[in-house]
Amino acid sequence: MSRRRPSLVNGLLPVYKKAGPTSHDVVDMARKALRERRIGHTGTLDPLAEGLLLLCVGQATRLQQFLLKWDKRYLGEIRLGHSTTTYDSEGEATDPRGEPPALDDDVIARLTAQFSGEIEQVPPPYSAKKIQGKKLYELARNGEEVHPEPKTVRVEEIRIRAEAPDVLAVDATTSTGFYVRSLAHDIGIELGCGGYLQHLHRASIGPYTAAEALTQDALEAAESPEDVVGSPAWVPIESIALPFSEINLNTAAAERFVHGQDVVVLGPGQTGVESGANVVIRGADRHLLGIGTVRAVLARGRTLNIAPEMVFGGSASGRPRPK
């Protein structure tokens, strides 16, 4: 019975994707450069979009579901005048269509209020979201009618301004699962003239920014894993920032945690940690042990009962192992 070869590199690789390739194309570039098959990402960018793509490499793929909880910041441009079948510039023009209204302060304020906070949003018919195991764009391209269900998403902050009489610039910080294409489409419907997304740039995911990412050109030019791991953009698995509080365990508690046992932490040094919350678990030497879930908060927060949710087995080094 064959066993999977242990990953030689484990960490996070922020990449600046150019407009054109798919997110999977960039994953393939990273697999070639790093000579590692276990690579995933924390959120698709459409081919026409550019900006930050976070790649989880090796053992860091196990953190993928947790990294999805970081908010994302997008910069986009919405063209008004008609909608499209894909909600972006690649689709065919469709209704509603018409002359955009005057984009005065009152209109901008109304749009900002309507699309702030928790909102219900329907994914675009051409998207990677799945219905009964099939991606929406696969169903749409096959001519099947697509009726995705609305989903509750959160817009933490949004700034909208008129860039031209028929163009709106949007700067939005959102939860995962948010579609800027749907925002463009919905704004077009709200204004009665139709609209679509003509440009999108993902500026950041949590603390990671497009400005500090490895360029796509540099990734394609890499001749060895060291060319990537040695770049300033590479984040070793021990240094990956997660959107949770951190708990340090002593040696005895760490041993119990990595063997799947609950641990009780006295004086955790964290405030505001609630029952059911995820926490990052580290050993006394700051070694990343895994992710825990708080089962109970006792003694007014001075004691936490934590259950393992995901545990790293053995060493999780962020650099290539010696051959």
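Which residues have the most contacts inside the largest nonpolar core? Select I78, L111, I158, I160, L168, I187 and L191: these have the most contacts inside that core, which has 27 residues. A nonpolar core here is a set of buried Ala, Val, Leu, Ile, Met, Phe, Trp, Tyr and Cys residues joined through side-chain atoms within 4.5 Å. Buried means under 20% relative accessible area, exposed over 50%, and partly exposed in between (1.4 Å probe, protein chains only).

This is a predicted model, in which local features need pLDDT of at least 70 and side-chain atom pairs count only at pLDDT 80 or more, while totals for chains, interfaces and linings use all residues. Residues are numbered from 1 along each chain as its sequence is written, and side-chain values use heavy atoms, with hydrogens and water left out.

**Whole chain.** Show the protein chain as a cartoon: its secondary structure comes to 8 helices and 20 strands. Helices (H or I, at least four residues) and strands (E, at least two) are DSSP runs, numbered from the N terminus. Of the 323 residues, 47% count as buried.

Helix 5 gives the most, with 5 residues. A second, separate core of 23 residues includes I205, V235, F244 and L288.

F66 lies in helix 2 (residues 64-67) and F244 in the loop between strand 15 (235-236) and strand 16, so the pair ties together parts that are 178 residues apart in sequence.

Now select the open sheet of 5 strands, with order 16-18-19-20-17 and mixed pairing. Two strands pair if DSSP finds at least two bridges between them. At the edges are strand 16 (245-248) and strand 17 (263-266), each pairing on one side only. Strand 16 runs parallel to strand 18 (residues 278-282), joined by 4 bridges. On these strands, E246 stands opposite V280.

**Helix 8.** Finish with residues 251-258, helix 8, which lies across strand 17, strand 18, strand 19 (288-298) and strand 20 (303-311). Helix 8 runs at about 100° to strand 19. Contact means heavy atoms within 4.5 Å; axes are lines fitted to C-alpha atoms, for helices over the stretch in contact, and angles run from 0 to 180 degrees between N-to-C directions.
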